[in-house]
Every structure is written in structure tokens, then in C-alpha cells.
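Hi everyone, thanks for coming.

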Amino acid sequence: MRASFEKIDGATSLTFDVQPAAEPTQATVRAEKLANPGFGRVFTDHMAMVSYNQAEGWHGARVAARASFPLDPATAVLHYAQEIFEGLKAYKRDDGGVNLFRPDANARRFRNSAERMAMAPLPETVFIEAIEQLVRIDQDWIPGGEGSLYLRPFMIANEVFLGVKPSAAYIFAVIASPVGSYFKGGPAPISIWVSENYTRAAVGGTGAVKCGGNYAASLRAQAEAIDRGCDQVVFLDAIERRYVEELGGMNVFFVFDDGSLSTPPLGTILPGITRDSIITLARDSGTPVREEPYTIDQWRGDAASGKLREAFACGTAAVISPIGKVCSAHGDFTINGGVAGSVAMGFRKKLVDIQYGRATDPHRWTRKVL
């Protein structure tokens with residue numbers, strides 16, 4: 001059944017009603033939480049929300065105190081998993097201002113995800129405005145140093161019904177969580193387990209969509225990786241079970257002895273914004289980058305011969321994670337002696353410096369909120 005959404009593109013902008021929390025977190029308590037926030041455990045005082053129904057389109061834009069959603073037991077998302085989300089960060093500059101990094105790319109991907117999941121597409125301007133409004137009101141929650149404010153925009157289907165069809169009502173919301181440096185003492189190489197029993201996505205599926213179902217389906221494989229003593233899982237293609245696709249929550253790159261980079265092609269993997277940024281930075285410097293299939297046997301053979309010099313994973317949370325060891329039922333192998341490589345760490349520094357406003361931004365990726 002094809003979804004039909006009215007009053008979408010007309011709502012290119014909405015005025016947000018900002019209602020500060022009546023009892024915000026006290027400064028001393030907030031400081032205690034920011035001292036060691038971890039990841040995704042501490043939350044700010046507010047949330048941004050916009051509602052959708054077929055009669056009114058997108059409406060009711062507001063920022064208010066963070067609170068629970070009242071959900072009927074028959075709410076559509078609970079039964080048919082119409083849900084999508086994004087992840088991005090706000091960074092505190094040395095001058096005290098605040099940057100976002102490529103929120104327009106998140107907004108486009110969010111809209112693409114909505115269309116694939118037969119959900120009401122949110123205008124990109126509304127997506128960005130909701131994020132900026134939340135960052136402004138909760139700016140005191142942004143940690144200094146290498147910390148940041150992790151932003152989680154998401155949308156759920158909230159029509160109350162049990163028929164199998166696209167929902168006619170949605171809630172879009174943004175919550176925020178202060179996070180510290182992802183790595184204590186610097187990025188350490190991770191070990192990954194090659195999943196041969198489970199696959200992440202197939203052609204025609206939702207691999208390119210940032211929906212909760214993809215991550216739920218990856219958890220069993222991730223648990224298998226942990227049981228094998230590894231940090232992460234890497235998935236192979238669903239047809240031949242040969243081609244490397246992506247990790248449970250990150251894209252992957254390979255660095256070769258001729259200085260070139262390779263990364264799996266889009267289609268069944270998530271079009272990562274960090275992935276795209278690395279490709280752009282590499283090509284800026286004259287480094288050849290290929291988006292092409294790469295098999296697990298090639299990975300093993302190239303690591304043994306020395307043709308492969310480095311491998312690394314990338315994503316919003318960690319930025320870049322060097323891969324030091326690959327484990328599988330057919331034996332393990334190491335990359336670059338199991339230590340972080342200079343190429344991976346070089347790209348990581350370039351990206352982080354741009355995000356925090358410490359380096360020039362030739363592509364205008366950063367957006368100043370404050």
C-alpha cells in the first residue's frame with residue numbers, strides 16, 4: 001500500500017514554541033554529571049517535538065521539558081516498527097561558541113529514511129531548526145575538551161490501529177545526551193568478529209536506512225562477537241557471504257600499500273556521513289578512493305602479504321576506530337601489527353579539528369549555532 005502524505009512540502013518552516021523546564025537541573029548537579037557522562041546515559045533538560053497528522057500536516061513545533069510519551073498499547077510503532085533515527089553532535093569551540101557538523105546531510109538522510117519506511121517526510125529545514133533550538137536551550141550541557149552533545153532526532157508512527165498499513169500520524173522528536181571522549185587515552189585498535197551466521201541487509205531491503213529494526217537484527221551477531229572476545233561484528237553480503245559490507249554500527253575503510261583507500265559501495269549499507277567526509281578529505285589531498293566490493297578472503301590475503309596496511313571503521317560516535325584484529329571461524333589475522341595506523345589517525349585529526357572549529361572548513365560542513 002502506497003503512503004499518501006498531504007501538507008508536507010508546504011511546511012518548509014515552523015515556529016517553535018519554546019517552553020523552558022520549570023525545574024531545570026541545578027548547576028552543581030549538572031557539573032557532577034558532566035564530569036563523567038559516559039555515552040547515552042545522561043540526558044539534558046529539554047526535548048524538541050513536532051507532530052504530524054493527515055489533516056494538519058506537520059504542526060505543534062515546540063521545545064519543552066524532557067518527558068515520557070504516553071502510548072496506547074495499539075500504537076503503530078509498537079507493532080510494525082515504523083521508526084527511524086539519526087545521530088549527530090554539537091561541539092564547543094575554543095571561543096565558547098557551538099558548532100554542528102553537516103546537519104543538512106543528516107536531514108537529507110532522515111528524509112530518505114522516512115520515504116523508504118513509508119513515513120511522512122519531515123522538511124529538512126524543520127529538522128535542522130529543531131536541533132538548533134534544543135542546542136540553544138541546553139547549551140550548558142555541552143562538555144568541554146573532547147566531549148560533545150550527542151543529538152538523537154527520531155520519528156515514530158503513533159496512529160492507534162492494528163491494520164497493516166502506513167501510519168497516518170507521527171511524532172518527530174530530538175533528545176540530547178552529553179558524552180565524553182569516546183576513547184580514554186586515545187583511540188585503541190578494535191577487534192572484530194566476521195559474522196557467517198547472520199546478515200545485516202540485502203538488495204531491496206533497508207540496509208541504507210537508519211531504522212531501529214536494522215540495529216535490532218544486528219544485536220545477536222554483536223552478542224556473538226562479544227562471546228568470541230571481540231569488540232564489534234562485521235557483516236558479509238547476504239547472497240554470496242563473501243563481500244565485506246559494514247560493522248554493526250560503522251562503515252569500514254581499507255588502506256593499501258600504494259596509498260589508496262577502498263570502502264564497500266553503497267546500496268545495502270548505510271550512507272554514513274563520516275564515511276562521505278573521509279572520502280571527500282582523501283580526494284582533496286589527492287588520495288585515490290575506490291568504492292568497490294572487497295571480499296573477506298581478499299582482506300585476509302592482503303593483510304598477510306602486506307598489501308593492506310590499515311583498516312578502520314568510522315561513524316559519528318567514535319569518528320574513527322582503527323581495526324587491529326579480525327577473527328573468524330576460519331582463523332584470525334592482524335592488521336598493521338595490531339596498532340593504530342597513521343592514515344586512520346590522520347583522518348581522525350582532520351575531522352575532529354574541523355568539527356571543533358580548530359581547522360579551516362573548505363566545504364562549509366560546520367554550522368554555527370552559537
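Ala 118 sits in the loop between α3 (103-116) and α4 (124-137); helices here are DSSP runs of H or I with at least four residues, strands are runs of E with at least two, and both are numbered from the N terminus. Its phi is near 55°, a positive value in a residue other than glycine. Ala 118 counts as partly exposed because its relative accessibility is 22% (buried is under 20% relative accessible area, exposed over 50%, partly exposed in between, with a 1.4 Å probe and protein chains only).

A quick word on the source: this is a predicted model, where local features need pLDDT of at least 70, side-chain atom pairs count only at pLDDT 80 or more, and totals for chains, interfaces and linings use all residues. Residues are numbered from 1 along each chain as its sequence is written, and side-chain values use heavy atoms, leaving out hydrogens and water.

Asn 336 also has a positive phi, near 55°. You'll find Asn 336 in the loop between β17 (333-334) and α8 (342-355), partly exposed at 34% relative accessible area.

Now, where does the largest pocket lie? Domain 1 (17-179) and domain 2 (190-356) both give residues to its lining, so the pocket lies between them; the domain bounds come from an automatic or database assignment. α5 gives the most to that lining, with 4 residues. By type, the lining residues divide into 17 nonpolar, 14 polar and 6 charged, with Ala, Val, Leu, Ile, Met, Phe, Trp, Tyr, Cys and Pro taken as nonpolar, Asp, Glu, Lys and Arg as charged, and the others, Gly among them, as polar.
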